[in-house]
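Hi everyone, thanks for making time.

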Amino acid sequence: MRELTGSVVAGLRAAFGAAGYTVEGVARRLGERANSALGRNETAPAVRRTSSGDALDTMIRLFLLQRAVPENVVCKAFPGVDLVALGIVTASADDVRAVVDIRPYAEDEREWWVVADLTPGLDGRREVMRADYVLGIAPASLSLVQLTVPVKVERALDIGTGCGIQSLHLAGRANQVTATDVNPRALQLARWTAALNGVELDFRDGSLYEPVRGERFDLIVSNPPYVISPPGGDLTYRETEFTGDGVVEQLVRQAPAHLTDGGWCQLLANWTCVRGQDWQERIAGWTADRSAWAVQREQLDTTEYVELWLRDAGLHGTSQYTSRYDKWMRYLDDHDVEAIGMGWITLHNVEGTLDAEAWPYEIERPIGPHVLHRFERKEGLPTDLTALHLRVAEDVIQETTGQPGAEDPATIVLRRQRGMRRAEQVDTVLAGFVGACDDDLSTGRILAALADLMDRPVVDVLSEYLPQIRNLVVEGFLDY
């Protein structure tokens, strides 16, 4: 595979632009049903919609549908660009087929093209991926994009860059972006992605923090090879030689040494739920005295986990499936793993503690702004809340349930419509407190008034409700 020179990049960009090979252009050409089917890896409806032979249909068939296309038609779509010589396509007789996937990608009114390996398993084909396979735009990578806190920084680091999608986004908020990977093929395709989009990145080869030893960054992101599997895994993009969740542990433990004061590290992660251990306590050992938040979005039984990743590797239904399944289960059993947690970890390089929770419910996307605001609220709250003047967040609604005609509701729930979309059950006293939060009276005065109404000592009311109020502020129900 050759490097993309300036003239080649200009030729490719001109061809894509002239054809309308954009997210919107492809969506219009395919229509809703064919687009939806392609999202399920079914290409037949899209083939029917792309028979004109024009440049856009040619690009869709070549890259997205992985169909053979007449070489003269491809040459017409890419005038002056030799795709065969570049290693983008391979020729056979009078047809060519794509070697890599180049697809449009859009986010926040920006249009890009991302280079990766071809999507496996189209139309139900069984395909075992090459060991150095480079994953393209996937739900996990988009989750990390949406998780990243919206801060402007001087230096950012993308560990395990893959096709380079995280670095594209980082380039819009950092003056310098360093992208690393242990897979030479990933670095090559990420260079192509960067070149096609006119983005300057500092690419380095190596594992974890080795390529940036002694350097510090304001923002570190990573979608690492977090799959917990026996040593000797076949796929570089998802598996390592680390034992268990060791790759995630090292990324977290070593992050403070590579962050500026107040810097951020955010990564997607899988972690082991070990028999007899609390997973929250395990992660707290990684984050030590740093302010951090770990969210478990899903927890899978070990059998579910193994089946998920064997299917992902294209091994379901092959002769290797049963033996690989058994080997993987024995490995997890040997390490007392009873389940696998899947989620994210954010570390802010300031003194603090870890919050770790399971939250499998629907959240707002992008969630990054709300992650940032939660850290700001938690770290900015004074020890004494009584002088604060609080107000109810605009997205909070109150839900009550109970018997018809009853004087008091059986339950009162405060629910946020944004961010994590949390719901908190409260009693009538706390509901009354929240209802009185209009930025006028201080927290202490409102609680004193409620204590007087209930004929209870103020000190008892403060002791009972201030911790609950602190939680409501941290989780964004109340602003100050």
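**A walk through the model**

Let's begin with β16 and β17, which run antiparallel and are joined by 4 bridges. Before I go on, please note that this is a predicted model: local features need pLDDT of at least 70, side-chain atom pairs count only at pLDDT 80 or more, and totals for chains, interfaces and linings use all residues. Residues are numbered from 1 along each chain as its sequence is written, and side-chain values use heavy atoms, with hydrogens and water left out.

Helices (H or I, at least four residues) and strands (E, at least two) are DSSP runs, numbered from the N terminus. Two strands count as paired if DSSP finds at least two bridges between them.

Back to our pair. R415 has A423 in β17 as its bridge partner.

What does β16 pair with besides β17? On β16, residues 411-416, there is also β15, paired in the antiparallel sense over 6 bridges. As one example, V396 stands opposite R416 in β16. Put together, 3 strands form an open sheet in the order β15-β16-β17, with antiparallel pairing. Its edge strands are β15 (396-401) and β17 (423-426), each pairing on one side only. On average, neighbouring strands here are turned by 25 degrees against each other, direction ignored. For angles, axes are lines fitted to C-alpha atoms, for helices over the stretch in contact, and the angles run from 0 to 180 degrees between N-to-C directions.

**The eight-strand sheet**

Now the other sheet I want to show you. Here 8 strands form an open sheet in the order β8-β7-β6-β9-β10-β12-β11-β13, and the pairing is mixed. At the edges sit β8 (202-205) and β13 (354-358), each of which pairs on one side only. Neighbouring strands of this sheet are turned by 20 degrees against each other on average, direction ignored.

Look at β11 (residues 290-301) and β12 (residues 337-351): they run antiparallel, joined by 11 bridges. Within that pairing, E298 stands opposite M342 in β12.

Which helices lie on these strands? Helix α12 (residues 302-312) lies across β10 (259-274), β11 and β12, running at about 85 degrees to β11. Helix α14 (residues 368-380) also packs on the sheet, touching β10, β11, β12 and β13, and its direction makes about 130 degrees with that of β11. Contact, by the way, means heavy atoms within 4.5 Å.

**Backbone details**

R365 and P366 are joined by a cis peptide bond, with omega about 0 degrees; P366 lies in the loop between β13 and α14.

Is A93 buried or exposed? A93 is exposed, with a relative accessible area of 76%. The scale is this: buried means under 20% relative accessible area, exposed over 50%, and partly exposed in between, with a 1.4 Å probe and protein chains only. A93 is found in the loop between β2 (89-92) and β3 (95-98), and has a positive phi of about 60 degrees although it is not a glycine.

D336 likewise is a residue other than glycine with a positive phi, near 55 degrees. You'll find D336 in the loop between α13 (321-334) and β12, partly exposed at 38% relative accessible area.

**Cysteines**

How many disulfides does the structure hold? There are 0 disulfides, a disulfide being a pair of cysteine sulfur atoms within 2.5 Å. For C163, the nearest cysteine sulfur, that of C265, is 19 Å away. C163 is buried, with a relative accessible area of 2%, and C273 counts as buried at 7%.

**The whole chain**

Stepping back, the protein chain comes to 17 helices and 18 strands. Its C-alpha atoms fill a box of roughly 90 × 50 × 50 Å, taken along the principal axes. Buried residues make up 51% of the 480 residues.

Finally, the record. In the model, residues 151-270 are 23% helix and 31% strand, while residues 18-98 are 56% helix and 12% strand.
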